Amino acid sequence: MSDTQTLIENRPPSVATLFLERVARTPDAEAYRYPVPAASGQGTDEWKSLSWGQAAERVYAIAAGLVDLGVQAEERVALASSTRVEWILTDLGVMCAGAAVTTIYPQTNAEESAFILSDSESKVLIAEDAAQVAKARETRAELPGLHHVVVIDATGVETDDWVISLADLEARGKAYLEKHPEAVKERVAAITADQLATLIYTSGTTGRPKGVRLPHDNWSYMAKAIAATGLVTQDDVQYLWLPLAHVFGKVLTSGQIEVGHVTAVDGRIDKIIVNLPVVQPTYMAAVPRIFEKVYNGVAAKAREGGPAKYKIFQWAAGVAREYAKVTQDNFRRTGTASAPFGLTAKHKVADALVYKKLREAFGGRLRAAVSGSVALAPEIGFFFSGAGIHILEGYGLTESSAASFVNPGEAYRTGTVGKPLPGCEVRIADDGEILLRGPGIMQGYHGLPEKTAEVLEADGWFHTGDIGELSADGYLRITDRKKDLFKTSGGKYIAPTEIEGQFKAVCPFVSNIVVLGADRNYCSALIALDEPAILGWAAENGLAGKAYAEVVAAPQTLEMVQGYVDRLNEGVQRWQTIKKFRLLPRDLDVEHGELTPSLKMKRPVVERTYKELIEDMYAGAREA
């Protein structure tokens, strides 16, 4: 048996156990960094640190406080908060109490929050602030099983017997530990591998969300498997901004505990650009939309600098892509990421002019970025790769505890999601669907045995709903969601995400694109433009001072986008070409329900919202 297999097979039953072990090993090492906003609300945030020992004090106090509230093993404690250090501390506190966390996105409305609290039978809700408490109060009559609300930031919150502050909970916990000093360690020792640790509700595109049951063993396995990849070390600094209510963010906290590196935590998306040079991370995880926005922003800035500067950027972007493709191909064949002398010379010039500044914007120390949740357009991946920002795409689902595949460090291949994590099995079904089996797979959907049986076979194989291809040496390429594939009336199968990704690579102004054409005789598209990028372009093209909706309706904007659609059409099969498109009056967003909180598109919602625009594109078209 290999060292990796031994490491994984001899894993402890829970991350709570791993946390206790980590604290015992490195109590004085830095664990977390977090920002404290300036008192005036203006000026620079101050970053503070917690050592593993200091974090443990708070985690044990939270765990003991929950025990004092009467929370029992496997009982649910809901957590409705944005990404902040208290999210991690309370999540660990719940696990160390032997209970299970129900995650709720802070954007979730009162009605759906109440459904999740009720369906999960949560006994306690840990709420971020007054806004989250207000939602709970609004639906209290529907939640007789919710015994307490604990608020992290009690500003403006009236506390009572039902609502207490996190500080009060920790004070109760400390008092409890004085009388029962071994209480938390006893709870952790009693945790079994199959005991429920987390309930994560998937953002369904139709109907109610389903609660995915993830036992303690899933997270313990993930922690060991991430460590076994060798991608992260104890010397790393991770910048964590992803929603921790989402499985992608949550799995990163497990890996960190096993490896023992520093994590800087701040979920404010508008602070990412400001924080990166301050935190100077060595690695971070993100969703493709972040990389797309950075790419569009860099392109827009170059364009604002005038035609000469923009031409240099376009040349450098082309060199980056060529360099990345050549070096990755050479590494695959020879094990050395080399390039011909002429290309290397051009790359060196482009690096001084463009790439170096881009790396500095990411803090200057970034070894790698992990991208997941949805596919990254390969051409954007090649651009960043050639610029020295190495994006390692990975793949997983809520039902597989987030991380099933990841690209292996230097041997990464843009356009693939890499190889399976140690312990994860994969096979491709006859219809191309990816099936997974291993210690990361869920127990099932909470209270929905029929839904569980639809995707989870008796022998442990999980049906992902994604279509993919495996290379001879084990790299997986995702081609589409099984349910997103459609057939034109002419009988041609279309993978819309493939076309959408190609368009994002050619058009620096696009934010979101939805390719349509099911049972129609040609493909069409709904296109939403990136507001900062398009308003910058508008100012140079006779549309200065116009609102976004006016800019996208202008003839010159339509003409400009048509040019990029024509470029896309030159590189795809005839039946994949976009014959018509419409520009949307606003971008897709979470608030209107068109994107999930992890920024995945909800196609049925988009199609319902813009039904008239879609029908207009096919009006009078002769259907085959």
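This is a short walk through one protein chain, from its overall build down to a few single residues.

Okay, some ground rules before we look around. We have a predicted model here, so I'll mention local features only where pLDDT is at least 70 and side-chain atom pairs only at pLDDT 80 or more, while totals for chains, interfaces and linings use all residues. Residues are numbered from 1 along each chain as its sequence is written, and side-chain values use heavy atoms, with hydrogens and water left out.

Let's start with the whole thing. The protein chain has 22 helices and 26 strands; those are DSSP runs, helices being H or I with at least four residues and strands being E with at least two, numbered from the N terminus. Its radius of gyration is 25 Å, close to the 25 Å that the globule rule gives for 624 residues, so the chain is as compact as a globular protein of that length. That radius is taken over C-alpha atoms, and the rule is 2.2 Å times the number of residues to the power 0.38. Along the principal axes, the C-alpha trace spans about 75 × 60 × 55 Å.

How much of the chain is buried? Of the 624 residues, 55% are. Buried here means under 20% relative accessible area, exposed means over 50%, and partly exposed is in between, with a 1.4 Å probe and protein chains only. As for contacts, meaning heavy atoms within 4.5 Å, take those between residues at least 6 apart in sequence: 67% of them join residues at least 24 apart.

Now on to the sheets. Eight strands make an open sheet, in the order β7-β6-β5-β3-β4-β8-β9-β19, and the pairing is mixed. Two strands pair, by the way, if DSSP finds at least two bridges between them. The edges are β7 (163-165) and β19, each pairing on one side only. Inside that order, β8 (residues 196-201) and β9 (residues 211-215) run antiparallel, joined by 5 bridges. If you want a spot to look for, Leu 196 stands opposite Pro 215 in β9.

Stay with that sheet for a moment and find His 148, in strand β6 (residues 148-151). Is His 148 buried or exposed? Buried, because its relative accessible area is 17%. Beyond neighbours within four places in sequence, His 148 is in contact with Leu 69, Lys 123, Val 124, Leu 125, Asp 161 and Trp 162.

At the β19 end, look just past the strand. Gly 447 sits in the loop between β19 (444-445) and α16 (449-455), and it counts as exposed because its relative accessibility is 63%. Its C-alpha atom is 9.0 Å from that of Ser 120, although the two are 327 residues apart along the chain.

Next stop, strand β11 (residues 262-265). Val 262 and Ala 264 point one way, Thr 263 and Val 265 the other, and all are buried. In a regular strand, side chains alternate between the two faces of the sheet. Which strands run parallel to β11? One is β1 (residues 30-36), joined to β11 by 2 bridges, with Tyr 32 partnering Thr 263. Another is β10 (residues 237-240), joined to β11 by 4 bridges, and there Tyr 239 stands opposite Ala 264.

Last one, in a helix this time: Asn 569, in α20 (residues 555-570). Asn 569 has a relative accessible area of 18%, so it counts as buried. Leaving aside neighbours within four places, Asn 569 is in contact with Thr 577 and Ile 578.
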